[in-house]
Amino acid sequence: MSSFKHAILEGIPSVLPNAKPRDPSVSHAPNRKQILNVAEKRLAIINALRYFPKHLHESLVPEFHQELATYGRIYMERYRPDYEMRARPIDEYPAQSRSAAAIMLMIQNNLDPRVAQHPHQLITYGGNGAVFQNWAQYRLTMKYLAEMTDQQTLVMYSGHPMGLFPSSPSAPRVIVTNGMMIPNYSKPDDLERFNAMGVTQYGQMTAGSYMYIGPQGIVHGTTITIMNAGRRKLGSSHAGLAGKLFVSSGLGGMSGAQAKAAKIAGAVGVIAEMNPAAAQKRFEQGWVDEVHESLDALMPRIREAMQTKKSVSYAYRGNVVDLWERLDRENIDVLLGSDQTSLHNPFSGGYYPAGFDFEESKRMISENPSEFEQLVRQSLIRHVAVINRMTAKGMYFFDYGNAFLLESGRAGADVLKPNGDFRYPSYVQDVLGPLCFDYGFGPFRWICTSGDAEDLRISDEIALDVLTKQWSSAPQEIRGQISDNIEWIKNAEENRLVVGSQARILYADSEGRIEISRALNRAIRDGKIKSPVVLGRDHHDVSGTDSPYRETSNIYDGSRYTADMAVHNFVGDAFRGATWVSLHNGGGVGWGEVINGGFGLVLDGSEDAEKRLESMLFWDVNNGIARRSWARNAEADFAIRREMQRNSQLKVTLAEHVDDQLLKFLD
């Protein structure tokens, strides 16, 4: 037996492993603020010790106390495995269940240092989007997955493996929940407190649901967003974005996609990033063409690229406020502007104030959190002020779903209209909502568990063939969406999008998702693809997320603050054939601001897999279209009527539209 398999089957070692010093070459999460009182600190240590036999407690108490005092969390870094963390071919995992082996692969991909933002703190992206709270949870979960059969389900409570429970082959192999709080205990400081105590975690979206595929996922969505934002600003007949400037911030876990997406869209992209390691990682991956620390050197490069209409991406290693203010002073014409700092987490490393470098800011978070919070608010006021000046010159600015407008408003920035609405739209309100989500198009993805790039290439060809056929018979309303994705999949291999697992993403509706999945399953059956394929999606989709400031921001019937859609999606996916399902509090715009869920579905070439994919994928998309149609969104009304024509078993309650003149007396 290999040392890797032995380590997985061992779970939590019975003998104390050697201590592991922090690796300075790896990006680490900022130290969290000290929020626990003495009784809560005691409880946090007791909670952590639950995973270990009593004879180790005396040795671990001072170590866990030191971690809590230093980092604000107990990560149990001594228990970080010695083996390389990466997605291995599925046959290398010790497992009795093929589906469980696929889940093990997906978990390791989320923690791969090439993929994860802070891998040693088990954080995949977004500054605090965690797979697990500590390394004991990781080790125990992997052991359970190795031991389980298709007659069991593993239950996961916010990173903690509650255990294996008897079920059936038709049930999900894993049920995941993250951060599910009693509503009155879902404020930002509640997250800090209960996470520090070891009883909940922020799973973001695809971090805690084991479905992250590296920045490729957000590259595609960002490319679609930038292209369509450009069309909105310039007109749909405009040739493209050559020579046009897109400016934003963030090159971390999710935001790292922006530079690559701007280049794919044909624009000049300039992205600010405070973390030197994050900027360097994107440069080494080829997602950023140049890294600049000096604005004096960067400004001429921007002008040159715009003049020559060169598609290029620049990283500015510094504060985004300084970048915006310099662009404003030099009157450089910015066509599109946005922001993707992690403002769902504004005071714990998601946003850094102007006037302080990266290391100074990190120290302030733990040593003087109240001053740091005040400086963040002051910086947001400056940030919005310069954005307002740039939009007055003609720039189109959109909130990219990171709570930029929400937190800026809370800071007192000039970001509201007289009626209390935000002065800038969410990208979902203006672009993805009406053009994609309402028509049923969203971020569908698959992962080839063989780890073989040839399997991914074959899957690309299959998807291209399906989309081309779909386009030929599609109504005019959705041909543009299909065309954009045909171009995307044609160039996917050339664009070097794979980081970590052999994965692909594109936007598709239920018809496209089902047909692609059916074709992939048959390719596995026929031996054209060597190993199972995992299907999934981002939670940022048609049906998966209720988020009033992002995914459901284009819902105007008052229901955007409700969460029925996401909860129903989670439940419906579970009994329609998903291999695993997840439901999270928080993701994108922050803790307490969103409920979202996702799934994984393993294709193995069987007839059973084909039945599952047909049933589950149809529901997973059309649940959201039905809700959007009931909100009187015209595009969703078109889409759900079309789906009812395609499937006679689908019968959806349709909304009647009211003549506004009947209600004029209320004005």
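Analyst: Two strands count as paired if DSSP finds at least two bridges between them; the strands themselves (E, at least two residues) and the helices (H or I, at least four) are DSSP runs, numbered from the N terminus. This is a predicted model, in which local features need pLDDT of at least 70 and side-chain atom pairs count only at pLDDT 80 or more, while totals for chains, interfaces and linings use all residues. Residues are numbered from 1 along each chain as its sequence is written, and side-chain values use heavy atoms, without hydrogens and water.

User: How do you know that β6 and β10 pair?

Analyst: Strand β6 (residues 245-249) is joined to strand β10 (residues 336-337) by two bridges, and at least two are required, so the pair qualifies. The two strands run parallel. Across this pairing, Phe246 is placed opposite Leu336 in β10, and Val247 opposite Gly337.

User: Which strand does β6 pair with over five bridges?

Analyst: That partner is β7, and the pairing is again in the parallel sense. Val247 has Val270 of β7 opposite.

User: What makes β8 and β11 the edges of the sheet?

Analyst: The open sheet has six strands in the order β8-β9-β7-β6-β10-β11, paired in parallel. β8 (290-292) and β11 (396-397) each have a single partner strand, so one side of each lacks a neighbour in the sheet. Helix α10 (residues 295-308) packs on this sheet and touches β6, β7 (268-272), β8 and β9 (312-316). Its direction makes about 165° with that of β9.

User: Why is β6 described as largely enclosed?

Analyst: Buried means under 20% relative accessible area, exposed over 50%, and partly exposed in between (1.4 Å probe, protein chains only). Five of the five residues of β6 are buried, so the rest of the structure largely encloses this strand. In a regular strand, side chains alternate between the two faces of the sheet. In β6 both faces are covered, with Leu245, Val247 and Ser249 buried on one side and Phe246 and Ser248 buried on the other.

User: Why are α14 and α15 called roughly perpendicular?

Analyst: Helix α14 (residues 369-392) and helix α15 (residues 404-411) pack at about 115°, with axes 9 Å apart. Angles run from 0 to 180 degrees between N-to-C directions, and axes are lines fitted to C-alpha atoms, for helices over the stretch in contact. Under 35 degrees is roughly parallel, over 145 roughly antiparallel, 65 to 115 roughly perpendicular and the rest oblique. The α14 and α15 pair is therefore roughly perpendicular. Arg377, Leu380, Ile381, His383 and Val384 of α14 make the contact (heavy atoms within 4.5 Å) with Phe404, Glu407, Ser408 and Ala411 of α15. By class, these are five nonpolar, two polar and two charged residues.

User: Why is Val61 called partly exposed?

Analyst: Val61 has a relative accessible area of 33%, which lies between the 20% and 50% limits, so the middle class applies. Val61 is in helix α3 (residues 57-71). Leaving aside neighbours within four places in sequence, Val61 is in contact with Ile45 and Leu49.

User: How do you know that Thr141 is buried?

Analyst: Thr141 has 1% relative accessibility, under the 20% limit, and therefore counts as buried. Thr141 sits in helix α5 (residues 135-147).

User: What is the phi of Leu122, and what is that of Asn331?

Analyst: Most residues other than glycine have a negative phi. Leu122 has a positive phi near 60°, and Asn331 a positive phi near 55°. Leu122 lies in the loop between α4 (98-111) and β1 (123-125) and is buried at 0% relative accessibility. Asn331 lies in the loop between α11 (320-329) and β10 and is exposed at 55%.

How values were computed
Nonpolar A, V, L, I, M, F, W, Y, C, P; charged D, E, K, R; others polar.
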